[in-house]
Amino acid sequence: MNTATSVIIRHPLVAKAPVLAETSRVAWQKLAVPTMEEVRFVPFEEIMYCSAQLSYTRIVTRSGKSLVCCKTLKEIAGSLPDDMFLRIHHSHLVNINDITALKKKEGMLEVNQEVLLPVSRHLKKSITAFLCG
């Protein structure tokens, strides 16, 4: 993930001269979620998990809201901090702070004590090692 991006701001009072401003995605700490009606800005810590649905992504928040975004899970994953989110399956990305259990036998992760998400067979060993130390 990039930690800083450059943005050119054009202000009508400045005679067409671009002003370069440094903005930090880390300082912003929100994900821009474009939906059909609007662009929602969701704080990273509010996102419980994301699930792929064809070329869309469903983003589920701690408050129980579910937003369908017109971006792929790969695009969403690239906008989220690597140290906060874990790709557990090609269809699922989870906030590590919301993982409540690893169901080894079933190959599932419990999220927020209510949702079970599948863990990819080829990622199972590395995810178990990461979570269990």
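Is E110 buried or exposed? I looked this up first: E110 has 17% relative accessibility and counts as buried, where buried means under 20% relative accessible area, exposed over 50%, and partly exposed in between, with a 1.4 Å probe and protein chains only.

**Entry 1: what I am looking at**

I noted that this is a predicted model, in which local features need pLDDT of at least 70, side-chain atom pairs count only at pLDDT 80 or more, and totals for chains, interfaces and linings use all residues. Residues are numbered from 1 along each chain as its sequence is written, and side-chain values use heavy atoms, with hydrogens and water left out.

I counted three helices and 12 strands in the protein chain; these are DSSP runs, numbered from the N terminus, with helices being H or I of at least four residues and strands being E of at least two. Of the 133 residues in the protein chain, 32% count as buried. I also checked contacts, meaning heavy atoms within 4.5 Å. Among those in the protein chain with a separation of 6 or more, 34% join residues 24 or more positions apart.

**Entry 2: the salt bridges**

My search of the whole structure gave three salt bridges, each being a side-chain nitrogen of Lys or Arg within 4 Å of a carboxyl oxygen of Asp or Glu.

I started with E110, whose side chain meets that of K103 in a salt bridge at 3.9 Å, N to O. K103 counts as partly exposed, at 29% relative accessibility.

Next I looked at D98 and R62, which form a salt bridge with the closest N and O atoms 3.0 Å apart. This pair links distant parts of the chain: D98 sits in the loop between β9 (92-95) and β10 (99-103), R62 in the loop between β6 and β7, and they are 36 residues apart. D98 is buried, with a relative accessible area of 6%, whereas R62 is partly exposed at 36%.

R40 is partly exposed at 39% relative accessible area, and E38 is partly exposed at 38%.

**Entry 3: hairpins**

I followed β5 (residues 47-53) into β6 (residues 56-61) and found them paired in the antiparallel sense over six bridges; two strands pair if DSSP finds at least two bridges between them. Q53 stands opposite Y56 in β6. The two strands form a hairpin with two residues between them, and L54 in the turn has a positive phi of about 55°.

I then carried on from β6 to β7 (residues 66-69), an antiparallel pair with four bridges. Here V60 stands opposite S66 in β7. Four residues lie between β6 and β7 in this hairpin, and G64 in the turn has a positive phi of about 95°.

While in β6 I checked T61, which lies in that strand. T61 is buried, with a relative accessible area of 6%. Apart from neighbours within four places in sequence, T61 is in contact with V42, E46, I47 and M48.

Further along, β8 (residues 85-89) and β9 pair in the antiparallel sense over four bridges. H89 has H92 in β9 as its bridge partner, and two residues separate β8 from β9 in this hairpin.

**Entry 4: the nonpolar cores**

Which residues touch the most other members of the largest nonpolar core? I found L31, I47, C50, I59 and L80, out of 15 residues in that core. The elements giving two or more residues to this core are β3 (30-34), β5, β7 and α2 (73-79). A nonpolar core here is a set of buried Ala, Val, Leu, Ile, Met, Phe, Trp, Tyr and Cys residues joined through side-chain atoms within 4.5 Å.

I took a further look at L31. Leaving aside neighbours within four places in sequence, L31 has contacts that include F41, I47, I59, I76 and L80.

My last stop was F41, which has its place in strand β4 (residues 39-43). F41 counts as partly exposed, at 45% relative accessibility.
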